[in-house]
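Here is a friendly walk through a few parts of this chain, starting with a strand and moving on to cores and loops. Keep the viewer open as you read.

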Amino acid sequence: MAVFPLPQLEDNAVLLPSSQTNSTQPQLCDVWRDIQGAHNWNGLLDPMVPNLKAEALRYGNLAQLCYDAFGGKSYSKNYGTCYHSKRDLFNKMGMSESGYQVTKYVYANTNLLNQVFGEKPKDQGVWLGFIAVCTDPNEIRRLGRRDIVIAWRGTQTAEEWIEDLRDILVPTRLSYRCKRTGAAGATVNISTRDLVVSEIERLIQVYEKEMDNLSITFTGHSLGAALATLSAYDIKQMLCTKHNFHQIPVTVFAFASPRVGNLAFAKRVEEIGVKVLRFVNKRDLVPKVPGVCMNENVGCLSKLLHWLPWTYFHVGVELPLHNNSPFIQHTHNLAYFHNLELYLHLLDGYVGSKQPFSWSGRDHALVNKSCDLLREKYEIPPKWWQEQNKGLVKGPDGKWTQPSEKE
């Protein structure tokens with residue numbers, strides 16, 4: 001069994017035992033509305049309160065789970081799906097103590113370029129994430145409420161990378177009274193948006209008596225962060241049309257999100273009360289697009305030209321993360337700065353904008369799951385995360401084959 005060396009204190013890093021970092025903070029159940037952004041995280045970010053950091057990391061882990069559980073290898077029979085069933089997802093991915101139960105998987109069709117890239121079309125679409133609800137009584141008490149979470153995966157397939165390049169703004173067209181119907185016995189397709197809205201509506205009805213202590217939280221990375229923002233806006237619009245439902249807090253913990261809308265969209269997100277906390281690695285290029293030339297940083301000119309289809313504005317509150325970790329080596333690979341595990345590592349060590357990196361105990365080996373960023377002295381191999389035997393199983397006859405497609 002390999003033994004990894006313990007991290008060493010260097011380069012202005014500070015390591016504090018958990019007893020020193022968490023001894024004076026209030027219970028999460030008493031301050032959960034503030035942690036969810038009720039007051040736009042005023043006074044909670046710089047320095048960052050431990051409760052908020054812990055919750056942001058927890059939701060970030062759910063976003064990372066969407067990558068780890070996704071069958072993204074085109075040679076696999078499970079390509080485009082989740083490796084595990086809804087019932088087994090958290091157990092199989094080492095999160096059995098999460099306290100959540102998955103109620104719905106989220107799929108989307110990305111079959112425009114199948115013939116070009118040789119990707120396998122799925123009747124139900126490609127797996128993008130999941131919807132889950134907190135059901136464990138102890139976790140509900142710790143959180144102070146019942147939480148519904150929607151986690152979105154970022155870009156993985158070739159088609160999704162192509163779709164990401166489409167950056168011309170289009171009007172939002174949302175309707176909450178239109179129901180899809182079909183002939184008797186016919187299969188009726190449902191959009192990803194309709195799937196999410198219908199499931200959230202169902203869960204709200206189930207827990208209607210807990211309305212005063214119910215929250216809806218979206219999380220995602222990259223494309224997933226953009227989808228989280230758009231779907232949170234969509235859900236909050238829906239809640240505003242229903243009596244007493246508008247009071248349910250809707251929050252987004254977005255990692256490395258690109259811009260997703262114009263000035264009018266940003267204002268509307270704020271007006272209806274969607275709370276968005278965006279974590280941004282200062283060296284990551286993705287949060288700088290689209291709208292490279294015309295965005296919220298340009299000033300009055302961008303506001304005057306807000307009607308242009310390529311004028312974008314970020315939404316919510318931004319928390320910049322600095323690459324000041326002593327664990328990380330210098331690199332010229334800009335793609336690595338977009339890696340979600342690096343984001344979570346930097347967040348784990350974040351104290352304040354002018355404070356040195358303070359390691360809180362998150363396993364530094366996770367940084368190298370899909371990249372090569374850790375210093376060599378830690379002896380963690382690069383890109384070590386992979387499916388065991390690349391999905392092959394050994395049969396009774398001693399031959400290795402692809403297993404039948406998982407349900």
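## A covered strand and its surroundings

In this predicted model, strand β4 (residues 146–152) is mostly covered, with seven of its seven residues buried. Arg146, Ile148, Ile150 and Trp152 point one way from β4, while Asp147, Val149 and Ala151 point the other way, and all are buried.

The table puts the two pairings together.

| Strand paired with β4 | Sense | Bridges |
|---|---|---|
| β3 (residues 126–134) | antiparallel | five bridges |
| β5 (residues 214–221) | parallel | seven bridges |

Ile131 has Ile150 of β4 as its bridge partner, and Val149 has Thr217 of β5 as its partner.

### The nonpolar cores

Which residues touch the most other members of the largest nonpolar core? Of its 64 residues, Phe130 and Phe279 do. Helix α3 (residues 50–68) gives the most to this core, with nine residues. There is also a second, separate core of 42 residues, and Tyr207, Ala228, Ala232 and Ile248 are included in it. As a rule, nonpolar side chains in soluble globular proteins tend to be buried together.

Leaving out residues up to four places away in sequence, its contacts include Leu62, Leu65 and Cys66.

### Two loop residues

Is Asn339 buried or exposed? Asn339 lies in the loop between β8 (317–321) and α12 (340–348), and it counts as buried because its relative accessible area is 12%, under the 20% cut-off. A polar atom of the Asn339 side chain lies 3.2 Å from the backbone nitrogen of Leu342. Not counting residues up to four places away in sequence, Asn339 touches His221, Val367, Ser370 and Cys371.

Lys86 sits in another loop, between α3 and α4 (89–92). Lys86 counts as partly exposed because its relative accessibility is 38%, which falls between the 20% and 50% cut-offs. Apart from neighbours within four places in sequence, Lys86 is in contact with Val102, Thr103, Lys104 and Tyr105. Lys86 and Tyr105 are 19 residues apart in sequence, and their C-alpha atoms are 7.2 Å apart in space.

Key:
Residues numbered from 1 in each chain as written. Predicted model: local features only at pLDDT ≥ 70, side-chain atom pairs only at ≥ 80, totals over all residues. Heavy atoms only, no water. Core = buried A, V, L, I, M, F, W, Y, C linked by side-chain atoms within 4.5 Å. Buried < 20%, exposed > 50% of the residue type's maximum accessible area, 1.4 Å probe, protein only. Helix = DSSP H or I, 4+ residues; strand = E, 2+ residues; numbered from the N terminus. Contact = heavy atoms within 4.5 Å. Polar contact = N/O pair within 3.5 Å; in protein donor to acceptor, adjacent residues only side chain to side chain. Pairing = 2+ DSSP bridges.
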